[in-house]
Amino acid sequence: MSRKSGIKGIFRLFSAEAYKGSKNYIRTQKIYEVVRTVLYFGISLSLFAAGYITTGNRLNLLTVVAVLGCLPASKSAVNMIMFLRCKGLGREAAAQIAPCEGDLFCLYDMAFTSYSRTFEVGHMAVKGNTVCGYSEKKDFPEREFQTHLEPIMKADSHKNVTVKIFTDLEKYKERLMQLQALETEADNTEGIVRTLKSVVL
């Protein structure tokens, strides 16, 4: 195994495979992004220092490499800031929701980004063409979120998808119980889940 692939493997392991929609995804990803950003900038700084120490000035090849290394480091810093702003689903809410999941396909810590804002949905359940979610933000802009998702669903050929976001935990738990009795096709569920995962942080 090459050194480069070994480093990538460590990152995947550290980020708990960082698969979107998993429990505590935001919490895990925050740590991953911080460590990766510090490492990237650390490498660039080390290269710059090594070049300066060995040549006595900044005009050397290692300085160029260090500057180029700041590009992925800066991109990582942007991702880090985005994740640090997200909170993820609280432990108490997660504990109350878990018994209501049944055989539903559920997703955690879903942060959807648009040009104007980030929509944080702590928990989502998908069954057929029905998507419902729970946000701990009482002022969650549901209508704006629905407008944001509509063209994304259509682009992936998902028709007649209904999206409902709850801010009342008790009502959301009731809806989860109702969804379990809904008869749907599994293919629809899997397709919509893939689409949702593809457009979140």
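Which residues of β3 lie on one side and which on the other, and are they buried or exposed?

A: This is a predicted model. Start with the strand itself. Thr130, Cys132 and Tyr134 sit on one side of β3. Val131 and Gly133 sit on the other. All of these residues are buried, and both faces of the strand are covered. The count is 5 of 5 residues buried, so β3 is largely enclosed by the rest of the structure. The cut-off behind that word is a relative accessible area under 20%.

β3 belongs to an open sheet of 4 strands, ordered β1-β2-β3-β4. The pairing is mixed. The edge positions go to β1 (105-113) and β4 (162-166), and each of these pairs on one side only. From one strand to the next, the twist averages 30 degrees.

Take the two neighbours of β3 in turn. In general, strands of a sheet pair through backbone hydrogen bonds, either parallel or antiparallel. On the β2 side, the pairing is antiparallel, with 5 bridges.

Tyr108 is bridged to His123 of β2.

Next, the helices against the sheet. Helix α5 (residues 142-155) packs on the sheet and touches β1, β2 and β4. Its direction makes about 150 degrees with that of β4. α5 also has a place in the chain path: β3, α5 and β4 make a right-handed β-α-β unit. Helix α6 (residues 169-180) lies across β2, β3 and β4. The angle between α6 and β3 is about 155 degrees.

The structure holds 5 of them. Side chains of opposite charge can pair when their charged atoms come close.

Begin with Glu144 and Arg117. Their closest N and O atoms are 3.2 Å apart. This pair links distant parts of the chain, 27 residues apart. Glu144 is in helix α5, while Arg117 is in the loop between β1 and β2. Glu144 has 32% relative accessibility and counts as partly exposed. Arg117 is also partly exposed, at 37%.

Lys154 pairs with Glu150, with 3.3 Å between the closest N and O atoms. The two residues are 4 apart, about one turn of the helix. Lys154 counts as exposed at 57% relative accessibility. Glu150 is partly exposed, at 41%.

Glu170 forms a salt bridge with Lys173, and the closest N and O atoms are 3.3 Å apart. Being 3 residues apart in helix α6, they are separated by about one helical turn. Glu170 is partly exposed at 45% relative accessibility. Lys173 counts as buried, at 14%.

Finally, step back to the whole chain. The secondary structure comes to 7 helices and 4 strands. Along the sequence, the pattern reads α-α-α-α-β-β-β-α-β-α-α. Buried residues make up 39% of the 201 residues. Among contacts between residues at least 6 apart in sequence, 69% join residues at least 24 apart. The chain exposes about 12000 Å², with carbon and sulfur atoms supplying 58% of that area.

Back to the strand we began with.

Notes
Residues numbered from 1 in each chain as written. Predicted model: local features only at pLDDT ≥ 70, side-chain atom pairs only at ≥ 80, totals over all residues. Heavy atoms only, no water. Pairing = 2+ DSSP bridges. Axes fitted to C-alpha atoms, helices over the stretch in contact; angles between N-to-C directions. Contact = heavy atoms within 4.5 Å. Buried < 20%, exposed > 50% of the residue type's maximum accessible area, 1.4 Å probe, protein only. Right-handed = clockwise from strand over helix to strand, strands pointing away. Areas by Shrake-Rupley, 256 points an atom, 1.4 Å probe, with all protein chains shown as cover. Salt bridge = Lys/Arg side-chain N within 4 Å of Asp/Glu carboxyl O.
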